[in-house]
Amino acid sequence: MKDDYLFRIRDIEHYYGDYVRVLFLGAAVLSVVAIPLFGDLLPFGTFAQVGCALLLVLLAGLTNPHSRMLMVYDVVVSGLGVFLLESAAISFYAADTAQLFAAREVAALILLFAFYFSIKTLRAMMLGKVGKMERPWEFEDGKDKPE
């Protein structure tokens, strides 16, 4: 079916970019919905926040198992997003509403998971493991290694 392409998780060994894609889209949607309902999640103004949502959607659309550089961008953007959102949540906790605090926390958690899956994929890409099956004897001393 072509209809489920957006949320389809492929079975590519050591590749978690599909999870990153879904998490980035979720964070972007949460951000765009939260702005008019609760206020800006980040203290940089609405214009910058809409730009951040568009950046998340852009990276979600470009993420693929063939590009290490895009995965580096995913790591940087998700890590920076967690840092900024959690910093804003803690800094403005007393001044803002509970709903805005909760929206910041949920967005930070979503991006934290995106950061984790991006790092896992980037590590696998650097080791040349994406798309390759695990070998049970990989870390053995070689005595029982099949030929």
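## A nonpolar surface patch

Patches are built from residues that have over 30% relative accessible area and no salt bridge, like charges being joined within 9 Å and nonpolar side chains (Val, Leu, Ile, Met, Phe, Trp, Tyr) within 5 Å. In this predicted model, where local features need pLDDT of at least 70, side-chain atom pairs count only at pLDDT 80 or more, and totals for chains, interfaces and linings use all residues, one nonpolar surface patch is formed by Leu109, Leu112, Phe113, Phe115 and Ile119, which together have about 430 Å² of accessible area (by the Shrake-Rupley method with a 1.4 Å probe, with only the protein chains shown counting as cover for residues). Residues are numbered from 1 along each chain as its sequence is written, and side-chain values use heavy atoms, with hydrogens and water left out.

Ile119, a member of this patch, is found in helix H4, residues 98–126, and counts as partly exposed because its relative accessibility is 36% (buried means under 20% relative accessible area, exposed over 50%, and partly exposed in between, with a 1.4 Å probe and protein chains only).

## Overall fold

The chain has four helices and zero strands, so that its elements run α-α-α-α from the N terminus on (helices are DSSP runs of H or I with at least four residues, strands are runs of E with at least two, and both are numbered from the N terminus). Of the 147 residues of the chain, 34% count as buried.

Within H4 lies alanine 102, which is partly exposed because its relative accessible area is 37%, and whose C-alpha atom is 8.3 Å from that of alanine 89, a residue 13 positions apart from alanine 102 in sequence.

Threonine 97 belongs to the loop between helix H3 (68–91) and H4 and, at a relative accessible area of 42%, is partly exposed. The C-alpha atoms of threonine 97 and phenylalanine 38 are separated by 7.8 Å, although the two residues are 59 apart along the chain. Just after H4, glycine 128 takes a positive phi of about 70 degrees.

## Salt bridges

Side chains of opposite charge can pair when their charged atoms come close. A search of the whole structure finds two salt bridges (a side-chain nitrogen of Lys or Arg within 4 Å of a carboxyl oxygen of Asp or Glu). One joins the side chains of aspartate 18 and arginine 21, at 2.6 Å from N to O; these residues are separated by about one helical turn because they stand three residues apart in helix H1. Aspartate 18 counts as buried at 3% relative accessibility, and arginine 21 counts as buried at 11%.

In another salt bridge, the side chains of aspartate 96 and arginine 104 meet at 2.8 Å, N to O. Here aspartate 96 is partly exposed, with a relative accessible area of 28%, whereas arginine 104 counts as buried at 3% relative accessibility.

## The largest pocket

The largest pocket holds about 270 Å³ of space, and of the 17 residues that line this pocket, those closest to its centre are Leu42, Cys52, Leu56, Gly81 and Leu111. Helix H1 (17–38), helix H2 (46–62), H3 and H4 each supply at least two residues of the lining.

On a 1 Å grid over the protein atoms alone, a pocket is an open set of points with protein on both sides within 12 Å along at least five of seven lines, and lining residues have an atom within 4 Å of a point. Grid points are joined across faces, edges and corners, and the volume is the space filled by probe spheres set on the points.

Terms used
1 Å grid on protein atoms, 1.4 Å probe; cavity = no way out; pocket = protein on both sides within 12 Å on 5 of 7 lines; lining within 4 Å.
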